[in-house]
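Q: Could you walk me through how to read a few features of this model?

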Amino acid sequence: MKVIVRHDKEEAEKVVADLIAGEVRTNPEIVMSLPTGSTPVGVFSELTRMHEEEGLDFSSVTCFNMDEYVGLGRDHAQSYYRFLRENLYERVGMSLENTFSPDACAANLGRAADDYSSLIKRAGGFDLTFLGIGRDGHISFNMPSDALHPLTHVERLSEAAVRDNARFFEDVSEVPTQAITIGMRNILESRRIVLLALGEAKAPVIARWLGSGLVTTWLPASFLWLHPDVTVVLDQGAASELR
Ligand code: GLP
């Protein structure tokens with residue numbers, strides 16, 4: 001695993017944006033899996049700048065949302081699809097036909113999850129997965145637990161995850177308590193993985209993870225130790241508890 005520490009947030013974001021841009025230039029038909037949350041926002045802005053000023057071409061790129069809140073339609077103000085559409089897809093001239101998200105409003109959520117895994121498989125899997133990390137070590141919405149799911153599935157969110165995401169909603173009671181998320185195998189089959197963590201709030205989980213080479217279902221990000229091509233990018237805040 002390659003760990004890159006940069007002095008501040010902007011420099012760390014630039015490392016990730018350059019890595020993604022390099023992959024897009026090498027393979028204009030790349031299939032990517034993308035996160036939401038606060039962490040990727042600066043990366044998406046830099047990719048937008050590269051599209052506008054340097055002609056970085058996303059017209060043949062395919063993107064999969066890695067998760068979606070159960071019950072939120074694609075146009076809901078807090079849906080993850082809308083977040084990616086507004087923060088990236090529309091800003092870099094992607095064809096929305098090449099953008100996918102799980103059907104989190106389906107009557108049969110289990111089937112919707114299976115369909116999403118099939119869709120990922122038909123697309124040939126992910127060339128690049130870009131991850132954030134939760135303060136409890138979750139990736140995508142694979143929550144710490146006794147057992148983890150390999151493929152796309154419905155996940156019950158922990159109280160801590162609901163609380164952490166409440167800042168995007170008017171009230172904590174509005175935060176959905178379930179999500180459809182890609183599974184650990186969907187992530188680990190990705191050819192390349194980059195994970196970005198920013199700020200001191202992430203320092204304890206980064207130290208817990210990178211301070212030990214062990215794999216545990218109680219820290220889902222630790223499964224990235226099993227993958228041959230992972231780059232972890234940290235700002236000084238997120239790296240501040242590493243020894
Ligand atoms: C949510 C998302 C994750 C994301 C995490 C961290 O749980 N499902 O994909 O990595 O939040 O969010 P933030 O970047 O806002 O800290």
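Q: How far apart are the mean positions of the positive and negative charges of the protein chain?
A: For the count, Lys and Arg are positive and Asp and Glu negative, with His and the chain ends not counted. Each charge is placed at NZ of Lys, CZ of Arg, CG of Asp or CD of Glu. Here the mean positions of the 23 positive and 35 negative charges are 3 Å apart. One caution: this is a predicted model, where local features need pLDDT of at least 70 and side-chain atom pairs count only at pLDDT 80 or more, while totals for chains, interfaces and linings use all residues. Residues are numbered from 1 along each chain as its sequence is written, and side-chain values use heavy atoms, with hydrogens and water left out.

Q: What is the secondary structure of the protein chain?
A: Helices (H or I, at least four residues) and strands (E, at least two) are DSSP runs, numbered from the N terminus. The protein chain has seven helices and ten strands.

Q: Which residues touch the most other members of the largest nonpolar core?
A: In soluble globular proteins, nonpolar side chains tend to be buried together. A nonpolar core is a set of buried Ala, Val, Leu, Ile, Met, Phe, Trp, Tyr and Cys residues joined through side-chain atoms within 4.5 Å; buried means under 20% relative accessible area, exposed over 50%, partly exposed in between (1.4 Å probe, protein chains only). In the largest core, of 33 residues, Ile-20, Met-32, Leu-47, Phe-58 and Phe-130 touch the most other members. Elements giving two or more residues include helix H1 (9–26), strand S2 (31–34) and helix H2 (41–54). H1 supplies the largest share, eight residues. A second, separate core has 28 residues, among them Leu-131 and Val-205.

Q: Which residues is Met-32 in contact with, leaving aside neighbours within four places in sequence?
A: Contact means heavy atoms within 4.5 Å. The partners of Met-32 include Ile-20, Val-24, Phe-58 and Leu-128.

Q: Is Tyr-80 buried or exposed?
A: Tyr-80, in helix H3, has a relative accessible area of 9%, so it counts as buried. Not counting residues up to four places away in sequence, Tyr-80 touches Thr-36, Asn-65 and Phe-141, among others. Tyr-80 and Gly-37 are 43 residues apart in sequence, yet 8.6 Å apart C-alpha to C-alpha.

Q: And Arg-243, buried or exposed?
A: Arg-243 counts as exposed because its relative accessibility is 99%. You'll find Arg-243 in the segment after strand S10 (230–235).
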